[in-house]
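Dear colleague,

Please find below the structure that I am handing over to you.

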Amino acid sequence: MRLANKIALITGGARGIGEATAKAFAAEGAHVIITDINDQQGNEVVSSLAERSEYLHLDVSKPEDWQRVHASILAKYGRIDILVNNAGITGFLETSGPHDPEHLDLVSWQKVNSVNIDGVVLGCQVAIKLMKKSTAASIVNISSRSGIVGIPAAAAYAASKAAVRNHTKTVALYCAEKGYPIRCNSIHPGAILTPMWDAMLGEGEARIAAIKAVASDIPLGTMGTPEDVAYAALYLASNESKYVTGIELNIDGGILAGSAAAPTQEM
Ligand SMILES: NC(=O)c1ccc[n+]([C@@H]2O[C@H](COP(=O)([O-])OP(=O)(O)OC[C@H]3O[C@@H](n4cnc5c(N)ncnc54)[C@H](O)[C@@H]3O)[C@@H](O)[C@H]2O)c1
């Protein structure tokens with residue numbers, strides 16, 4: 001019961017990393033408010049958690065949706081203790097692209113940024129208001145390894161995730177300066193096998209081969225699971241991390257630990 005008596009809001013909680021995080025939080029005693037734009041899948045996750053959770057529709061890129069969710073939580077609970085800003089898109093399916101720096105389409109760039117960074121900025125703003133009445137609150141922003149390195153085919157995704165990385169530190173310092181009981185940290189997943197990868201992996205035999213190819217570039221030799229990220233979010237959400245704010249936690253099988261161009265004895 002590492003999250004006993006805590007109220008947690010998770011964005012993009014209908015599947016993938018958000019769903020795994022919701023389940024991990026509920027198992028540790030939190031009341032979980034799952035939000036998403038996929039109402040059917042979001043409600044299915046809630047059904048699997050029974051009385052420990054509820055579902056609210058929330059498009060993170062829309063200020064009016066955040067205002068509605070804020071009002072609803074304020075009326076019902078008066079506070080939240082945990083926010084996981086998890087909702088995010090690559091833009092590969094959701095926009096027409098392209099996304100490389102030479103040819104990128106501005107409307108597609110703006111769509112990715114509106115979800116990935118505007119969504120996190122709005123989430124932090126609402127959370128700060130709702131967390132002042134908490135005794136120990138935590139914001140966990142899901143950035144990416146792509147927020148730390150460049151991604152030639154996904155300029156908007158990489159830039160938006162870099163912005164999440166930096167805004168996390170601004171929020172962490174702001175809350176500390178103000179004396180608010182709110183910590184803020186970022187998680188940087190890499191190569192986690194979720195539906196987000198479906199468009200890139202293909203189907204059937206091709207999918208199996210593509211997963212093998214991705215895994216061959218990962219030091220630990222395998223793609224990660226949504227639970228690998230959920231456990232990191234659980235630590236940052238719980239009071240066990242009470243002295244931790246403004247950090248970035250990589251969950252990437254070692255991808256960011258070094259470059260493939262490392263010197264060897266033969267050189
Ligand atoms: N899977 C990975 O390898 C990986 C790596 C690095 C970072 N991430 C990040 O982790 C987070 C979760 O990714 P995932 O792999 O579980 O993805 P996913 O596509 O499986 O799930 C994302 C969820 O977000 C929801 N969503 C999309 N747009 C939304 C919006 N405007 N408002 C609210 N919800 C919205 C979707 O409906 C979906 O339920 C994302 O921020 C992603 O960028 C994932």
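**The ligand and its surroundings**

The ligand sits in the largest pocket. Please keep in mind that this is a predicted model. Two elements each give two or more residues to the shell around the ligand, namely helix H1 (16-27) and helix H5 (155-178).

How many residues surround the ligand, and which are the closest? There are 27 of them, and the closest are Asp-36, Asn-86, Tyr-157, Thr-194 and Trp-197. Sorted by class, this shell consists of 16 nonpolar, 7 polar and 4 charged residues.

- Asp-36 has a side-chain N or O atom at 2.6 Å from an oxygen atom of the ligand.
- Ile-17 takes part through its backbone, where an N or O atom lies 2.8 Å from an oxygen atom of the ligand.
- Asp-59 places a polar side-chain atom 3.0 Å from a nitrogen atom of the ligand.

The ligand on its own would expose 830 Å², and 94% of that area is buried by the protein.

**The protein chain as a whole**

The protein chain contains 8 helices and 7 strands. Its C-alpha trace spans about 60 × 40 × 35 Å along the principal axes.

What radius of gyration would a compact globule with 267 residues have? The value would be near 18 Å; the protein chain has 18 Å, so the two agree.

**Two details of the backbone**

Where is the cis peptide bond? It runs from Gly-97 to Pro-98, and its omega is near -5°. Pro-98 is found in the loop between strand S4 (82-85) and helix H4 (106-131).

The second detail concerns Asn-5, a residue in the segment before strand S1 (7-10). Although Asn-5 is not a glycine, its phi is positive, at about 70°.

With kind regards

Conventions:
Residues are numbered from 1 along each chain as its sequence is written. This is a predicted model: local features need pLDDT of at least 70, side-chain atom pairs count only at pLDDT 80 or more; totals for chains, interfaces and linings use all residues. Side-chain values use heavy atoms; hydrogens and water are left out. A residue is near a molecule or strand if one of its heavy atoms lies within 4 Å of it. A polar contact is a pair of N or O atoms within 3.5 Å; within protein, one must be able to donate a hydrogen and the other to accept it, and residues adjacent in sequence count only if both atoms are side-chain atoms. Accessible areas come from the Shrake-Rupley method with a 1.4 Å probe; for residues, only the protein chains shown count as cover. On a 1 Å grid over the protein atoms alone, a cavity is a set of points where a 1.4 Å probe fits but cannot get out, and a pocket is an open set with protein on both sides within 12 Å along at least five of seven lines; lining residues have an atom within 4 Å of a point. A molecule sits in a cavity or pocket if more than half of its atoms lie within 2 Å of its grid points. Helices (H or I, at least four residues) and strands (E, at least two) are DSSP runs, numbered from the N terminus. Ala, Val, Leu, Ile, Met, Phe, Trp, Tyr, Cys and Pro count as nonpolar, Asp, Glu, Lys and Arg as charged, and the others, Gly among them, as polar. The radius of gyration is taken over C-alpha atoms; the globule rule is 2.2 Å times the number of residues to the power 0.38.
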